[in-house]
Amino acid sequence: MKNSNVLLEVRDVAREFDVSKPWLNRVIEGQPKSILKAVDGVSFTINRGETLSLVGESGCGKSTIARVVCGLYAPSRGSVVFDGVDMAKASVNEQQQLRKRFQMIFQDPYASLNPRWRVGKIIAEPLISHGIMTDKVEIKKRVDQLLTQVGLSPLDQEKFPHEFSGGQRQRISIARALSSNPEFLVCDEPTSALDVSVQAQILNLMKDLQREFGLTYLFISHNLAVVSHISTRVGVMYLGRLVEMADTKTIFNRPLHPYTQMLLSAIPDLKMTGKQRTPVAGEVPNPLNPPSGCTFHPRCPYANDRCKSEAPKMIVADDGSMVSCHAVEEKRIPIRLAA
Amino acid sequence: MTTPLLEVKNLRVQFPTRRGLLTAVDDISLTIAPGEVLGVVGESGAGKSLTGAAIIGLLEPPGRIASGEILLNGRRIDNLPPDEFRKIRGREIGAIFQDPLTSLNPLYTVGRQITETILTHLDVTPAQAKQRAIDLLNEVGIPAADKRIDHYPHQFSGGMRQRVVISLALAAQPKLIIADEPTTALDVSIQAQIITLLKKLCREHGTSVMLVTHDMGVIAETADRVAVMYAGRIAEIGPVAEVIHNPQHPYTVGLMGAIPNLGEEVERLTQIDGSMPRLNAIPTGCAFNPRCTRKGEVGVRCTTERPNLLNAGNTQAACWLYSDTGTTNTTNTPQSVAA
Amino acid sequence: MNDTLKRIFDSDLWYSFKRHPLVIVAAILSLICILGAVFAPILAPHNPFDLKTLNLLDAFTPPAWTAAGKGQFFLGTDDQGRDVLSTIMYGSRVSLTVGICAVALSMVIGITLGLISGYVGGALDSFIMRVADVQLSFPAILIALLIDGVARVVIGKDGHDEVAVYVLIFAIAASGWVQYARTVRGSTLVERNKEYVQAARVIGRKPLAIMFSHVLPNVMGPVFVLATLHVGAAIITEATLSFLGVGVPPTQPSLGTLIRIGNDFLFSGEWWITVFPGIMLVILVLSINIIGDWLRDALNPKLR
């Protein structure tokens, strides 16, 4: 499995949150602890230089994965291996070294920059924290360069975040993430708080930077159109599990899993080809109390008794695409080609 | 041409602030025919939500209508005293907002809220009102409506809650519904359900809708005509297919190119550089001119004189590029458009 | 520097300040009080602690505008012939010192504990908050009396006079930190989950660095409001303790001590000895509280 092309490997990661009421309330009301399985056994790899996207509806665990990968949450089970090093087993020193090599871009450009810090200080934080640079003049030069790279002016480093628009703040966020010359960026819905025209700017910028610096992205989004534009490979998540993963073309042209098919047909059709949207009945179940077997079975048109009782295993095809569905395995689903 | 149900003439909404008077909606005119769905699309800060709020008389102070007229069925409503307006709101104009939680009172059952609206506006007995409430909930697709009527808003999921809000908006059979970002807070699969429902109900009841959103996909699926707003003004207005497939205003052109399309492989998205101007720094002339790629083509007029809506192709665009092809309107008023 | 000034005059706070005449009056009054106290040795007409200038024959002189008043003692004199105006100026010095130092000390304790409590969470959080609850169940005066009593026993009467001010500061601070800890903890819980804090964690900053360089500047708004109001409350507590006789010694009188001394003569007709320090106390605390209330409203985005 030791493949030099693989930058990050996520092995059977699970993350649970204790969302129980306070102890006293539980005792009085006689309720058990309630555990939310935000992510339940997810495995995938990311190759150098590619963009892997995770899509899914709210509560599917995609943001939790991003945070586990970045070390913001410790996984309850499984491991994250970055460039051959298991993050959980790495020494403090090694971890410090690894941290330089990945960074994160957040969703909300209004919350991800400290409102009391000047832009120059914000961007220089990783440089100073990692001890990459200590000389003030050198740091300023690097910040100038970073600001220019993301399309802002070096003069902007004296300003405060509130003086910028949402798109400009996201550029500042990207400049900060790039300052320690990382190889890997985790992007948690980086454009969903932005307007379309600004979203296009940021997506273009991210593509340019990827080409220039050979960056690898883990891209989290709920917007399938954005994902289809930016990714090399796409993973679809549902209720804490990966249900399908394949390269972008395959997944959008020949979706296998019923949930992927449903998501694709639910996207508004801008071209107005007259294609009728097929709204799928039902809603995402409460993740505190997920359905038995395949968690998608209550909404799935192909569900049978096996789906209700037995959780499907991941089937890996020759081309590396994966799908976890009994109906696909048993060839019960007509293959639907996207319009 | 049929008489419009709603006619907005030269509406201007202003906010007095300590740094001067800000004009958030600047001289907007539009009409909605009976049974028509008018989409109002724009990026944040374009003034689209304020236009909706002004029509329904819910501008938050210190915002106020500075000039212009709003006519509903030929009757002027913008200058009505608050008491009079309250009778119109709900009875003649219904409202659906982005966050269903804020439009429902968390302390009352949904049944009570719908029944109250019915009793306030329609001449029925309480028993009839309750029956109508159950019918409404059934109609918007809430299962076991006769039981759910006694539930509180927090007992509904996000999608179900938005269905309740729609039933509340329809309760008194209004002729017009102002829907402000009705699907923005929802997941794609739920979004598709709600859009389908809204379309179906409006067709059945002959209700007109002003659909305010930033999502061009939703507009494409739902609206008959669309008004594209930029910096408080209408940049382009016309039949939805024309605006999407054959946009005339450079801003609309850029906006359409900026939206990533499923299955369409483009290396870079069209991007409109810069961002929407802040209200205190709206450029002179055409507000879009600093970002416009075509402003050189018509000389200095773009930076000095503000364009009104001109006939452009099959739509109307506020752009000097069309000054010789179309007849100049004296105001920002769209000319009659066959429904 | 010029840039900073420009930012201050351009801020919403300054704008709001200009629109509240009552706050302007309160600010001017408290500024006069503070300047009068700070520059008392220069501004005061007499030095009430210089025994050589005291003349017992001047004792009980009523204020200057009454029939028996003397021009040089504008607000009259006390039982030892000290000029009441001067003692008030020197007295506010002590009162303000105790008030401000006590608030500063409680801020340091409270903010630190609140930050740690909110950021670290878990058992440490529960522990600190339970200690705070216990602290809250004692009235401030009782704690101050207790600490003062202990100090007296430990240090002895003579030594106590010298350290009385510090004991007082510590006593008031010990009862005041809880509010800061609770406020800061609450705001920290909100800030901790914001993405800029997560960004700092991804960068690999240490928890302490995040707490003090990221979270702290963003939770200070409500703390300033609290501190302003607390200065007023601390001055009152100090006055109360001194009035009860457990505060600063008469040789170094605060406003509270002055009121207590004057109180003995209230019924024999020498009202000015106690009334003027009392008025001074009211003006000082009232103006500080008005400023504090305004700050609270002006910094609250919901009321704007």
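Trainee: Which residues in α5(C) do C33(C), I34(C), G36(C) and A37(C) of α3(C) meet?
Mentor: This is a predicted model, in which local features need pLDDT of at least 70 and side-chain atom pairs count only at pLDDT 80 or more, whereas totals for chains, interfaces and linings use all residues. Residues are numbered from 1 along each chain as its sequence is written, while chains are lettered from A and ligands numbered from 1 in the order in which they are written. Helices here are DSSP runs of H or I with at least four residues, strands are runs of E with at least two, both numbered from the N terminus, and two residues are in contact if their C-beta atoms, placed from the backbone, lie within 7 Å. The partners in α5(C) are M89(C), S92(C), R93(C) and L96(C).

Trainee: What words describe how α3(C) stands to α5(C)?
Mentor: Helix α3 (residues 21-38) of chain C packs against helix α5 (residues 84-120) of chain C at an angle of about 100 degrees, and their axes are 8 Å apart. Such axes are lines fitted to C-alpha atoms, for helices over the stretch in contact, with angles from 0 to 180 degrees between N-to-C directions. Because 65 to 115 degrees counts as roughly perpendicular (under 35 is roughly parallel, over 145 roughly antiparallel, the rest oblique), α3(C) is, relative to α5(C), roughly perpendicular.

Trainee: How much of chain C counts as buried?
Mentor: Chain C has 12 helices and zero strands, and 69% of its contacts between residues at least 6 apart in sequence join residues at least 24 apart. A residue is buried if 20 or more other C-beta atoms, placed from the backbone, lie within 10 Å of its own, exposed if 12 or fewer, and partly exposed in between. Of the 304 residues of chain C, the buried share is 45%.

Trainee: Which residue just after α1(B) takes a positive phi?
Mentor: Helix α1 (residues 48-55) of chain B is itself mostly covered, with eight of its eight residues buried, among them K48(B), L50(B) and I55(B). Just after this helix, a positive phi of about 70 degrees is taken by G57(B).

Trainee: Which strands stand at the edges of the open sheet in chain B?
Mentor: Eight strands form this sheet in the order β6-β7-β8-β3-β9-β10-β12-β11, with mixed pairing, where two strands pair if DSSP finds at least two bridges between them. At one end, β6(B) and strand β7 (residues 176-180) of chain B pair in the parallel sense over four bridges, and I93(B) stands opposite L176(B). Each edge strand has a single partner, so one side of each lacks a neighbour in the sheet, and these strands are β6 (93-96) and β11 (310-312) of chain B.

Trainee: Which element gives the largest share of the side of chain B that touches chain A?
Mentor: The contact takes 33 residues from chain B and 34 residues from chain A. Elements giving two or more residues to the chain B side are α8 (188-205), α9 (216-222), α10 (240-245) and α11 (250-258) of chain B. The largest share, six residues, comes from α8(B).
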